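This report describes one protein structure for a reader who is new to the subject. Please look at the sequence and the model before reading on.

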Amino acid sequence: MAVEFVGIDPDTDRDHCPTVWADPEAQEILLQGWKPDATTQAVCESTSPANGSVPDTEAIIRIPARMIPMIREACDAVERADVR
């Protein structure tokens, strides 16, 4: 597994840090973010076309808009890995 660190929230306190990584081999982007509050979680679940609530193996996370350039960079790294 060749996970590449892409970036961390520039406004981080270094304790609670939204972070972006790319895994070109698996062609995946990994994100660390804040958990939504219960109300936001419920709204997301109720507006999703998926059946039921978010399973324990998945999560809804919040990422600040200031991290969009990092997410784009991670997308580019995965895309350069010869998308299947």
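## Surroundings of R66

Leaving aside residues up to four places away in sequence, R66 touches D9, P10, D11 and W34, where a contact means heavy atoms within 4.5 Å.

R66 lies in the loop between α1 and α2. With a relative accessible area of 39%, R66 is partly exposed; buried means under 20%, exposed over 50%, and partly exposed in between, using a 1.4 Å probe and protein chains only.

## Basis of the model

The model is predicted: local features need pLDDT of at least 70, side-chain atom pairs count only at pLDDT 80 or more, and totals for chains, interfaces and linings use all residues. Residues are numbered from 1 along each chain as its sequence is written, and side-chain values use heavy atoms, with hydrogens and water left out.

## Overall fold

The protein chain contains two helices and three strands, arranged from the N terminus as β-β-β-α-α. Helices (H or I, at least four residues) and strands (E, at least two) are DSSP runs, numbered from the N terminus. Along the principal axes, the C-alpha atoms fill a box of roughly 35 × 35 × 20 Å.

Of the 84 residues in the protein chain, 23% are buried. Among contacts between residues at least 6 apart in sequence, 54% join residues at least 24 apart.

## Surface and charge

The protein chain exposes about 6100 Å², of which carbon and sulfur atoms supply 51%; accessible areas come from the Shrake-Rupley method with a 1.4 Å probe, and for residues only the protein chains shown count as cover.

I29, L31 and I61 make a nonpolar surface patch of about 200 Å². Such a patch consists of residues with over 30% relative accessible area and no salt bridge, with nonpolar side chains (Val, Leu, Ile, Met, Phe, Trp, Tyr) joined within 5 Å and like charges within 9 Å. A salt bridge is a side-chain nitrogen of Lys or Arg within 4 Å of a carboxyl oxygen of Asp or Glu. I61 is found in the loop between α1 (38-47) and α2 (68-80), and its relative accessibility of 31% makes I61 partly exposed.

Where is Q27 placed? Q27 is in the loop between β2 (19-23) and β3 (28-32). Q27 counts as buried because its relative accessibility is 19%. Phi of Q27 is near 55°, a positive value in a residue other than glycine. Most residues other than glycine have a negative phi.
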